[in-house]
Amino acid sequence: MHHDDAFSWIGYRVVSILRLFPLSVCFFIGQVLGLIVWMALPKYRRLARKNIAYAFLDKHSDFQVSLLVLQHFITAGANFLSALKIPALSEVQIRACSSMENEELIQSCTETGRGIVVAISHIGNWELFAQLSFFLPDVPTGAVYQPLRNRWIENLVNRDRCRRGLVLFNRKKGFAAPAAMLRQGGVVGVLVDQHAGDGGIWTPFFRRLASTSPLAATLACRTGAIVLPMAIFTDGFAHWRISVRHPISYQPDNSNQLTADINRVLESQIQESPKDWFWVHDRWKVPNPDFLLFQKKRGTYLPKGTKEHLHPFRILVRSSNWLGDATMSIPAVQAIKQGRVDARISVLVSEKLAALWYTVDEVDEVVLISKEESLWSIADKLRGCFEVAILFPNSCRCALEVFLAGIPRRVGYQGHYRSWLLNQIIETPKQRVGAIPKHHSEHYLHIAKVLGAPPHQPSTLSLPFPLSRLIAPTLGLCPGAAYGAAKCWPTDRFREVIKEVFEKTGYRWKVLGTAKDVSIVQEIVAGLPKGVVLNYVGKTDLAMLISELLSIRLLLTNDTGTMHLAALLGIPVVAIFGSTEPLLTSPLGSKHCVLRQHVECSPCFLQSCPTDFRCMKAISTRQVKEAVLKILKHPTGGKAPCTNKPLSH
């Protein structure tokens, strides 16, 4: 005997034996079975607990939630075994174990001659619906069903469902047949509470976006049918109450609103008897991989006035600890925010970079990491606060932070020895041989794209006051570079540019940098007239640096994080590149000038030059001075004021 046939034979025998017992015995055995499942399957206990917490938020204490989970398992077990017994009962026996509220509503709806879409759900003993056709003896009745994976269970269930004349419509075969029955004045049951995957409309369900099947609403709008919500509640020991609600009114041209209204009625049915709904179904499943919803087929629908009450989808973004990399990742964060209407973005970042993220409108919260904090304290701070963590850095420690915090979805590139800590790994896009390298900001935008974000549309930063009011007749200079000396243009050439531009324009220069740049600045300042240079090196934190950048007309700089920050703030930049590649890390925007002389060893990406520093020495003071003066003359030009692109490799 084939394995499936043997399994089918055993299943039929078990059901046949079960049906020898009275309904009350089946109900009791089911309660015991539900208790055993509750004890044996902690995974499903946790799922039910999570779903109940989602639905009722702070309305229930932990004890109440735990008790409701237990009650649910016991009730579900009783209803499951009772559902196997009920098809063998007579009409009289079914009437004896059930009662119907508002039966007259069904009669009045059928008398209109219109079809009826019965919105049903996994509440209580839902299989009892298939046995109620005697309430409508002269009306054709049907139900749309989803085929089961197991063949013998499918055959058994469908045979029982059709026992009293119910017509079944396989949803995989289209909806022409159920629509025809509705147009003939028939009744068609449609389940409305299942996760609908990529084919659903993302609309609120208990104040959280959930993928919801539009089938019931679509059938009603296309056929003019009445939408009648029904539920079967467990009403005592081996007894059920069939609840019929008033029809849901709708506009035929707005099926999305009808779908949202069906969800709203379903919520009230669940609240009426929480133990009865099937909580172990993952109704608020997070899509994989594109959980940002923008690319979903049917999109998101928010009824009027619901956005402000929508529970947020909490996303944690782990920022880089490098100013330049963090700045280049901001477009990706902006795109992620635009990916779903309920997104709440928190950025986890070291204290030294907090001021950067405070300027980004799309960031709702900045979570700080202090120098003293351990891995464990960071994880403890994050625990239970987020649905998703997106990691921009490739380090193993960043992955450990969110792994130990128990964040359910952890996203990032494979990185360094951390693939086991992530459960959604972003594949690095393959670069075609000979293709122009993509800017490093695309490295982060690729993550956003894979997650379902829209194409990035840059937005402005939340500056404290209008930029035009702050610009003073000063220029900025950033002559250092945290990565190493190979990125630094010679100090004597910076001095010459400062002197010549001052003599021509009268603009003074603010020199910016960290304490490590003090010796460099001393070399530059030596020999310059007093008052030409305002020295801020080592005297600014990031917030002060932003303030100083907002007060200058232009920044002359090496390839530094300050360069990227200035570009982000809308400050024109003249950037000098040596060991690095401007195609990868040039300042973003159109009003900047990048100066780079490609030589045979470019780009080397070394911290110090092992030869004669030819790439930097090839950039003359005349080139830099002319670039500065050109931008000062045309500070808001549409195209880059000057370009010095590297030769093809």
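The questions below concern helix packing, cavities and backbone geometry.

Mentor: This is a predicted model, in which local features need pLDDT of at least 70, side-chain atom pairs count only at pLDDT 80 or more, and totals for chains, interfaces and linings use all residues. Residues are numbered from 1 along each chain as its sequence is written, and side-chain values use heavy atoms, with hydrogens and water left out.

Trainee: How are helix 8 and helix 9 oriented to each other?
Mentor: Helices (H or I, at least four residues) and strands (E, at least two) are DSSP runs, numbered from the N terminus. Helix 8 (residues 176-183) and helix 9 (residues 215-223) pack at an angle of about 50 degrees with their axes 10 Å apart; axes are lines fitted to C-alpha atoms, for helices over the stretch in contact, and angles run from 0 to 180 degrees between N-to-C directions. Angles under 35 degrees count as roughly parallel, over 145 as roughly antiparallel, 65 to 115 as roughly perpendicular and the rest as oblique. Helix 8 and helix 9 are therefore oblique.

Trainee: Which residues of helix 9 meet helix 10, and how do they divide by class?
Mentor: Helix 9 and helix 10 pack at an angle of about 130 degrees, their axes 8 Å apart, which makes helix 9 oblique to helix 10. Contact means heavy atoms within 4.5 Å, and here Ala216, Ala217, Ala220 and Cys221 in helix 9 meet Ser255, Leu258, Thr259 and Ile262 in helix 10. Ala, Val, Leu, Ile, Met, Phe, Trp, Tyr, Cys and Pro count as nonpolar, Asp, Glu, Lys and Arg as charged, and the others, Gly among them, as polar. By class, the contact has six nonpolar, two polar and no charged residues.

Trainee: Which helix gives the largest share of the lining of the second largest cavity?
Mentor: On a 1 Å grid over the protein atoms alone, a cavity is a set of points where a 1.4 Å probe fits but cannot get out, and lining residues have an atom within 4 Å of a point. The residues that line the second largest cavity include Ala119, Val192, Ile262 and Gln269. The largest share, four residues, comes from helix 10 (residues 255-272).

Trainee: What is the volume of the largest cavity?
Mentor: The structure holds two cavities of 30 Å³ or more. The largest is lined by 14 residues, of which Arg208, Leu209, Trp284, Phe313 and Arg340 lie nearest its centre, and its lining has eight nonpolar, one polar and five charged residues. Grid points are joined across faces, edges and corners, and a volume is the space filled by probe spheres set on the points. For the largest cavity this volume is about 140 Å³.

Trainee: Which residue forms a cis peptide bond with proline 289?
Mentor: Most peptide bonds are trans. Proline 289 lies in the loop between helix 10 and strand 10 (313-318). The cis bond there has an omega of about 5 degrees, and the partner of proline 289 is asparagine 288.

Trainee: What is the phi of asparagine 102?
Mentor: Most residues other than glycine have a negative phi. Asparagine 102 is placed in the loop between strand 1 (98-101) and helix 6 (103-110). Although asparagine 102 is not a glycine, its phi is positive, at about 60 degrees.

Methods
1 Å grid on protein atoms, 1.4 Å probe; cavity = no way out; pocket = protein on both sides within 12 Å on 5 of 7 lines; lining within 4 Å.
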